[in-house]
Amino acid sequence: MPKLIKNAVVSDNTCQTLDKEFSGSVDEILANQNPVLVPKQFWLANAEQFLENESIGVWLDSDEGPEELEPYLSKLNLIAINFPKFADGRGYSYARILRDRFDYSGELRAMGDILHDQMFYLKRCGFDAFAVREDKDANIVIEGLNDFSECYQASTNQKIPLFRRR
Amino acid sequence: MYKYDEYDRQIVRERTKQFRGQTERFIDGTLDGDDFLPLRLQNGLYVQRLAPMLRVAIPYGMLSSTQLRKLAQVSLDYDKGYVHFTTRQNVQFNWPEIKDVPDILEELNEVEMHATQTSGNCIRNTTADQFSGAIENEVIDSRPYCEIIRQWSTLHPEFAFLPRKFKIAVNSCPDADRAAIQFHDIGLEIIKNDKGEIGFKVFAGGGLGRTPVVGSEIRSFLPEKDLLTYLDSIVRVYNMHGRRDNKFKARIKILVKALTPAKFSEMVEAEWQHHKDTEVELTQSELDRVKSFFTAPDYAQLENNTKTFEEAKTSNSEFSNWVTRNTHEHKISGYSIVTLTLKKVGIPPGDVTASQATAVAAMADDYSFGEVRISHEQNIVLADVRQDQLFDVWQKAKLLGFATPNLGMLTDMICCPGGDYCGLANAKSIPVAEQIQLKFDDLDYLYDLGKLDLNISGCMNACGHHHIGDIGVLGVDKRGDEFYQVSLGGRSGRDATIGKILGPSFARADMANVIEKIINVYTENRTEEELFVDTFRRIGMTPFKERVYAKAN
């Protein structure tokens with residue numbers, strides 16, 4: 001079972017993630033017992049229906065910015081951002097825009113190529129949940145959340161840069 | 001010079017601890033090579049043709065004598081007893097063992113050095129004018145701004161995985177640009193507006209590499225307090241929109257060109273509306289705090305060009321030559337800026353042995369307030385030397401082999417490590433440099449030629465900055481053989497230009513002769529005042545082409 005680190009606790013990830021090209025029906029999704037992550041375009045096309053159901057979230061790929069979600073953010077409680085490759089860092093900026101600019105306060109989940117060594121950066125950009133890559137031990141990966149005890153820059157979880165605090 | 005406080009020390013310590021964990025996971029097999037790669041790169045560790053290479057940052061080129069001694073010691077304890085200064089104000093160890101790297105980093109941390117972000121697709125070390133703080137005619141010392149940028153960019157959570165590497169350079173001299181800011185991803189020129197306030201003219205999208213581009217101005221005046229909010233805005237636009245499908249098109253220069261500089265600037269300005277006036281805005285107290293580390297050393301009250309100094313020059317023409325070529329005027333009277341030239345025939349440019357480094361550290365202590373600077377031309381600068389001590393400095397430098405009075409001359413070449421050391425290179429570059437140095441060993445002839453930049457890169461990545469030399473040499477691979485392409489008329493600095501290709505490439509054995517023919521065309525055609533680039537611009541490529549490619553009779 002894949003693992004999810006959420007609020008610094010490891011649990012089973014029961015969430016089902018639909019393909020980016022998903023072309024099934026809305027009803028099929030609504031009937032699902034487990035939480036479901038719906039790809040952005042499909043989600044947008046049926047936003048009103050999905051917003052009714054708390055266990056349905058939306059996921060963005062690394063080439064899809066978050067701007068179009070803005071009107072729905074107050075009602076959304078799960079957004080996931082995909083990192084198809086470790087080295088594709090676009091999702092960090094998307095996360096900060098969602099959190100800092102649009103004040104999104106629901107769950108923000110990193111998914112895809114998520115490893116130990118991104119955890120601290122992801123946390124600082126506002127992610128609070130991490131769907132760890134399946135071949136990695138989530139109980140070890142979670143340690144990455146605490147690699148550093150201090151940072152220079154302002155970020156989502158520390159709005160005051162070090163130079164205003166030192 | 002900047003001194004770490006407890007925060008800075010803690011951050012570099014935790015970084016080394018993190019890297020130790022990563023290295024252990026790599027060695028025990030729980031972290032595979034592909035996943036380790038971006039991590040080790042962000043700590044400056046490459047795996048090269050013959051051995052790993054560790055690149056350590058020299059922020060804005062400044063080193064204390066203590067740091068220099070530590071580099072020498074590390075090279076003896078963990079490497080082959082020499083270090084290599086790069087063209088980007090970094091220093092490299094060419095032969096460390098991977099398992100030792102965390103220990104090396106720990107030792108460097110003790111003297112306030114690190115290897116964070118010296119490689120990888122992240123914000124790299126900031127390049128500065130190696131004379132900053134000492135040179136006459138500077139708007140303001142640029143080093144505090146470089147240190148502020150260093151701290152902002154270190155472990156920036158949003159920008160660790162950019163499309164490509166990202167380099168920032170700062171210049172503060174209205175009449176020179178030794179940092180080559182228009183060939184960086186972001187170039188910052190410190191200026192004063194008409195109210196006398198300090199700020200920056202901002203350039204973006206410059207770069208060398210396989211598609212050389214001169215950076216475009218995207219903002220004419222940025223107030224100093226807005227430095228970091230604006231940098232955040234530029235890098236965010238790049239992070240989200242830079243190409244990631246092709247690594248050769250991933251630098252910001254391609255994005256700026258594709259969008260046009262005007263459109264790029266518009267996007268940055270729009271993004272900036274969300275960043276300005278936030279807590280990230282610099283405070284006066286932070287500017288003051290960082291500037292307080294770069295105050296003037298305890299200069300003595302001296303006169304310029306005293307009688308004794310003038311007499312020493314008159315009675316010793318070799319010394320006088322060296323003073324003319326290898327020292328610069330200092331802003332404080334009675335002081336000079338000394339450049340120790342590391343380019344000697346037979347030695348790869350930028351290489352310094354442990355004993356030489358230790359001796360330079362002693363010279364820094366004795367003559368220059370315990371500090372040195374590394375220039376992007378791979379030389380070492382003693383920035384604050386009393387004129388009445390120049391003769392002693394010259395004699396010691398001569399003993400070390402660092403007094404070849406060829407600064408800025410043809411034989412003061414910029415040259416990458418090339419195929420002898422680097423896994424990326426198409427061709428060797430050091431043997432070409434040696435061949436040319438041997439051919440042009442007559443100093444009087446070199447002085448007569450005057451200032452002339454010859455830059456050699458072993459591949460398209462252009463670490464030897466070949467595009468911006470008066471004469472540029474690029475190693476190319478032709479069906480498995482090493483050939484060299486020559487370009488002419490490049491220029492860094494204020495009148496930045498990319499050199500034009502002369503024509504078909506040459507075999508290595510012909511290179512010194514080719515360079516000689518090019519030089520001959522120049523000397524035959526120049527007017528008295530003309531530099532190489534002036535003659536080239538006036539007479540064009542054709543005479544050079546005709547001479548070099550003329551059929552032998």
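This note sets out numbered points on the predicted model of chains A and B.

1. Basis of the note. Residues are numbered from 1 along each chain as its sequence is written, while chains are lettered from A and ligands numbered from 1 in the order in which they are written. As the model is predicted, local features need pLDDT of at least 70 and side-chain atom pairs count only at pLDDT 80 or more, whereas totals for chains, interfaces and linings use all residues.

2. Overall form of chain B. Chain B contains 18 helices and 21 strands; helices (H or I, at least four residues) and strands (E, at least two) are DSSP runs, numbered from the N terminus. Along the principal axes, the C-alpha atoms of chain B fill a box of roughly 65 × 60 × 55 Å.

3. Burial and contacts in chain B. Of the 553 residues in chain B, 55% are buried. A residue is buried if 20 or more other C-beta atoms lie within 10 Å of its own, exposed if 12 or fewer, and partly exposed in between, with C-beta atoms placed from the backbone. Of the contacts in chain B between residues at least 6 apart in sequence, 67% join residues at least 24 apart; two residues are in contact if their C-beta atoms, placed from the backbone, lie within 7 Å.

4. Domains of chain B. The assignment gives domain 1 (6-110), domain 2 (127-294), domain 3 (307-400) and domain 4 (414-548), with bounds from an automatic or database domain assignment. The centres of domain 3 and domain 4 of chain B, taken over C-alpha atoms, are separated by 27 Å. Their contact takes six residues from domain 3 and nine residues from domain 4 of chain B.

5. Contact between the chains. Chain B contributes 29 residues and chain A 31 residues. On the side of chain B that touches chain A, α1 (6-28), α2 (33-41), α5 (143-153) and α6 (227-241) of chain B each supply at least two residues. The largest share of that side, six residues, comes from α1(B).

6. Overall form of chain A. Chain A has six helices and eight strands. The C-alpha trace of chain A spans about 55 × 35 × 25 Å along its principal axes, and 43% of the 166 residues are buried.

7. Sheet of chain A. The eight strands form an open sheet in the order β2-β1-β8-β7-β6-β5-β4-β3 (chain A), with mixed pairing; two strands pair if DSSP finds at least two bridges between them. The edge strands β2 (9-12) and β3 (16-17) of chain A each pair on one side only. β3(A) pairs with strand β4 (residues 36-39) of chain A in the parallel sense over two bridges, and A:Gln16 has A:Val36 in β4(A) as its bridge partner.

8. Surroundings of A:Val141. A:Val141 lies in helix α6 (residues 138-141) of chain A and counts as buried because it has 21 C-beta neighbours inside 10 Å. Leaving aside neighbours within four places in sequence, A:Val141 is in contact with A:Ile5, A:Leu115, A:His116, A:Met119, A:Val132 and A:Lys136. The C-alpha atoms of A:Val141 and A:Leu115, 26 residues apart along the chain, are separated by 6.4 Å.
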